[in-house]
Amino acid sequence: MQGVQSDAHVVRLDGLILFLYCLLVVQYLAGGVQFYYTVCMELETLFAGEAATLEMILLSRERRAQEQRALLHAYGAPVVCLLCNIPGPVKRCAAGAEVFAAGAEAVFAALEQHGLIQLYARMDCFATGPEGYWCVDAQPIALKRLCCAIEESHPLGRLMDIDVILPAGVPVSRTSLGLTRRGCLVCGKAAADCVSRQTHSLKEVQQAIASLLRQARA
C-alpha cells in the first residue's frame, strides 16, 4: 500500500514539474511574441509616411544641385549640405526627422565650437526627406574634416550625409582626406557593395536604424 502511495506521489510530482515547465514555455513564447510585436510596431512608427517616387528623388537631386550653385554664387563660400541615410521609399518619416534634428544640432554646435562664421543657414523638409544648408566662411578641407568627425563620432552619424560643396560645385570626397568608405549598417562591410548587391533586406536595415536610435536615446 505504501508503494502505491509513493508511486502516486511521484506521479503527482512529475505532473507538477511538467505543468510548471509548460507554464515557463508559454511565458517564454508570450515574451517572444510581445517582443516581436513591439519591434514591428516600432518599425511601423519610425518609417511610416508617404513614399517618394523615383521621379521625386531624381527631381530632388537636381533641385539640390541648383540650390547649391545658387548659394555658392551668392556667398562665394563652401556649402555644407546635410541629408539623412534612410533606406526605402519613405524618406519623410519619424526616423529621418530624429536623425536630421540630431545632425543639424551637431553641425551648429561644431561650427560654433570652432568659431566658424555662418553666412547662411536654412532647413527644409520635402517628401524626399529633410535637408539642411549652411554657407560657412572656412577652408573647405578643414570644414569637411569637421563634418566627417560628426559622421564618425556621433551616435547617429552613420545615418547622416554631411557634404561640403566646393566653390567649383563639386563635393569634397572622404577619400581625398584619406578616410575609408562608409560601413554597412547591418554587417559593417563597405556600404556601397552591400547596396549594389542587395545583400540585406529593407527590414534588416530598418531594424539596424531602430537599434541605433534606441542606443542614441539611452
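**Buried pairs, bridges and cores, by the cut-offs**

Me: E151 is buried, and so is R182. What does "buried" mean here, in numbers?

Reply: Buried means under 20% relative accessible area, exposed means over 50%, and partly exposed is anything in between (1.4 Å probe, protein chains only). Both E151 and R182 fall in the buried class. Keep in mind that this is a predicted model, where local features need pLDDT of at least 70 and side-chain atom pairs count only at pLDDT 80 or more, while totals for chains, interfaces and linings use all residues. Numbering runs from 1 along each chain as its sequence is written, and side-chain values use heavy atoms, with hydrogens and water left out.

Me: What makes E151 and R182 a salt bridge?

Reply: The test is a side-chain nitrogen of Lys or Arg within 4 Å of a carboxyl oxygen of Asp or Glu. The N to O distance for E151 and R182 is 3.6 Å, so the pair passes that limit. E151 lies in helix α4 and R182 in the loop between β4 and α5, so the bridge ties together parts that are 31 residues apart in sequence. Helices here are DSSP runs (H or I, at least four residues), as are strands (E, at least two), numbered from the N terminus.

Me: How do you know that D193 and R181 pair up too?

Reply: Their side chains come to 3.3 Å, N to O, so they also meet the salt-bridge rule. D193 sits in helix α5 and R181 in the loop between β4 and α5, so this pair joins parts 12 residues apart in sequence.

Me: Why is D193 called partly exposed, and why is R181 called exposed?

Reply: D193 has 27% relative accessibility, so it counts as partly exposed. R181 comes out at 52%, so it is exposed.

Me: What makes a nonpolar core, and which residues touch the most other members of the largest one?

Reply: A core is a set of buried Ala, Val, Leu, Ile, Met, Phe, Trp, Tyr and Cys residues joined through side-chain atoms within 4.5 Å. The largest has 36 residues, and F47, V80, W134, M160 and I162 touch the most other members. Helix α3 gives the most to this core, with nine residues.

Me: How do you know which residues I162 is in contact with?

Reply: Contact means heavy atoms within 4.5 Å. Setting aside neighbours within four places in sequence, I162 has contacts that include V80, V107, K144 and E151.

Me: How do you know how far to trust the chain?

Reply: Check pLDDT, the predictor's confidence in each residue, from 0 to 100. The chain's mean is 85, and 82% of its residues reach 70 or more. Residues 1–13 are below 50, and beyond near neighbours in sequence this stretch has zero contacts in the model.
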